[in-house]
Amino acid sequence: MSSPTGPASGLPVRMPRPRQPGRHRRPEPLAAPEGAPALVLAVPGTPGAATRSLAEEVVSIARSELPGLDALIGYLDGDGAEFPSVQSVLARAADERTARYEQALAAGVEAKEPDGPVAIVVPLLAGPDGALLRRVRQAVMDSRVAAELTDVLGPHPLLAEALHVRLSEAGLARADRARLFTVATAADGIILAAVGGEEAVQAAGITGMLLAARLAVPVMAAALDEEGSIASVAEQLRSAGSQQLALAPYLIGPEIEAELVERAAKEADCPVAEALGAYPAIGKLALAKYTTALGIAPQQPQGAPVR
């Protein structure tokens with residue numbers, strides 16, 4: 001039996017494990033600072049159940065990486081309570097911050113008057129899309145709320161990893177080059193399909209180089225929203241010797257109609273992988289944009305090594 005002061009004689013006593021000294025010590029877990037601004041995920045495209053599920057999964061990943069994070073979802077084309085607009089989400093975040101401060105004063109608690117941004121808005125976009133980014137910026141301005149707008153999520157090695165996974169899930173790439181097996185349908189040339197014009201194609205090309213290093217096959221970026229761009233890149237790859245092409249959408253999903261991706265695959269006469277969707281890297285990169293803007297990021301998330 002144990003006594004009120006500890007275990008009975010003869011029983012082992014569990015002592016606290018000493019903290020590991022030196023540079024290999026496990027870092028203390030990061031948590032959101034008290035009173036930190038909200039992370040508002042700005043979701044493009046037509047709202048719907050699938051889009052909401054994707055966005056909720058992204059913010060769930062972000063919350064799991066940063067305990068205490070206030071993560072909210074606003075839709076560029078929001079239409080009410082079910083799919084709130086970016087403007088309404090920002091306004092609500094501002095009202096709630098003011099209410100918390102006033103409640104603290106009413107309770108006699110010494111509280112600092114809120115300052116700094118109410119929210120940090122992260123566009124749910126893998127690459128730059130000037131038209132969509134202008135709409136996000138306008139939504140922030142229309143809200144009349146002090147909020148910061150971050151850059152898009154890519155380019156980044158984690159997006160190359162996500163593209164690799166989506167291709168392997170579709171049977172269009174080996175999951176691991178180091179393993180001695182083949183995939184009969186593996187592509188020997190990848191078309192990376194982006195939206196947002198030439199700027200988006202250039203940004204996708206950077207991630208494409210990282211993907212090419214992972215797969216050891218040529219990867220070229222093309223614009224889904226420019227007529228003839230997909231077909232032209234497909235022809236370039238075939239002229240260079242690639243025979244089995246695959247289309248990899250450099251998209252998270254909601255920003256473009258699925259029919260455009262399917263049409264592009266038919267245009268290039270090749271199979272297509274799924275969009276990036278709620279791959280864990282998306283939530284981690286959204287959080288990285290938030291923590292960097294807030295100045296609390298110990299480091300950027302790292303991509304997996306090429307195998």
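The model is predicted: local features need pLDDT of at least 70, side-chain atom pairs count only at pLDDT 80 or more, and totals for chains, interfaces and linings use all residues. Residues are numbered from 1 along each chain as its sequence is written, and side-chain values use heavy atoms, with hydrogens and water left out. The protein chain has eight helices and seven strands. Helices (H or I, at least four residues) and strands (E, at least two) are DSSP runs, numbered from the N terminus.

**The chain as a whole**

- Of the 307 residues of the protein chain, 44% count as buried. Buried means under 20% relative accessible area, exposed over 50%, and partly exposed in between (1.4 Å probe, protein chains only).
- The protein chain exposes about 16500 Å². Carbon and sulfur atoms supply 52% of that area. Accessible areas come from the Shrake-Rupley method with a 1.4 Å probe; for residues, only the protein chains shown count as cover.
- Take the contacts in the protein chain with a separation of 6 or more: residues 24 or more positions apart account for 75% of them. Contact means heavy atoms within 4.5 Å.

**The four-stranded sheet**

- Four strands form an open sheet in the order E2-E1-E3-E4, and the pairing is parallel. Two strands pair if DSSP finds at least two bridges between them.
- Strand E2 (71-75) and strand E4 (147-149) are the edge strands, and each pairs on one side only.
- From one strand to the next, the twist averages 25°. Axes are lines fitted to C-alpha atoms, for helices over the stretch in contact, and angles run from 0 to 180 degrees between N-to-C directions.
- Five bridges link strand E1 (residues 38-43) to strand E3 (residues 119-123) in the parallel sense. Leu-39 has Ile-120 in E3 as its bridge partner.
- Helix H2 (residues 86-106) packs on this sheet and touches E1, E2, E3 and E4. The direction of H2 makes about 145° with that of E2.
- Helix H8 (residues 280-294) also packs on the sheet, touching E1, E3 and E4. The direction of H8 makes about 145° with that of E3.

**The three-stranded sheet**

- Three strands make an open sheet in the order E6-E5-E7, with parallel pairing.
- Strand E6 (219-223) and strand E7 (245-249) each have a single partner strand, so one side of each is left without a neighbour in the sheet.
- Neighbouring strands here are turned by 30° against each other on average, direction ignored.
- Strand E5 (residues 189-194) is joined to E6 by five bridges. In E6, Val-219 is the bridge partner of Ile-190, and Ala-223 is that of Ala-194.
- E5 and E7 also pair in the parallel sense, over five bridges. Ala-193 has Pro-249 in E7 as its bridge partner.
- E5 is largely enclosed by the rest of the structure, because six of its six residues are buried. Gly-189, Ile-191 and Ala-193 point one way from E5, and Ile-190, Leu-192 and Ala-194 the other way.
- H4 lies across E5 and E7, at about 130° to E7. Helix H5 (residues 197-215) lies across E5 and E6, at about 155° to E6.

**Nonpolar cores**

- The largest nonpolar core has 55 residues. A nonpolar core is a set of buried Ala, Val, Leu, Ile, Met, Phe, Trp, Tyr and Cys residues joined through side-chain atoms within 4.5 Å.
- The residues with the most contacts inside this core are Leu-41, Leu-167, Ile-190, Leu-192, Leu-211 and Ile-282.
- Beyond four places in sequence, the contacts of Leu-192 include Leu-163, Leu-211, Val-219, Met-220 and Tyr-250.

**Single residues**

- The structure holds one aromatic pair. Tyr-75 and Phe-83 form this edge-to-face pair, at 5.3 Å centre to centre and 90° between the planes. Rings of Phe, Tyr and Trp (its six-membered ring) pair if their centres lie within 6.5 Å; planes under 30 degrees apart count as stacked, over 60 as edge-to-face and the rest as tilted.
- Tyr-75 is buried at 2% relative accessible area, and Phe-83 is buried at 8%.
- His-164 is found in helix H4 (residues 157-169). His-164 counts as buried because its relative accessibility is 5%.
- Not counting residues up to four places away in sequence, His-164 touches Arg-174, Ala-175, Leu-211, Arg-214 and Leu-215.
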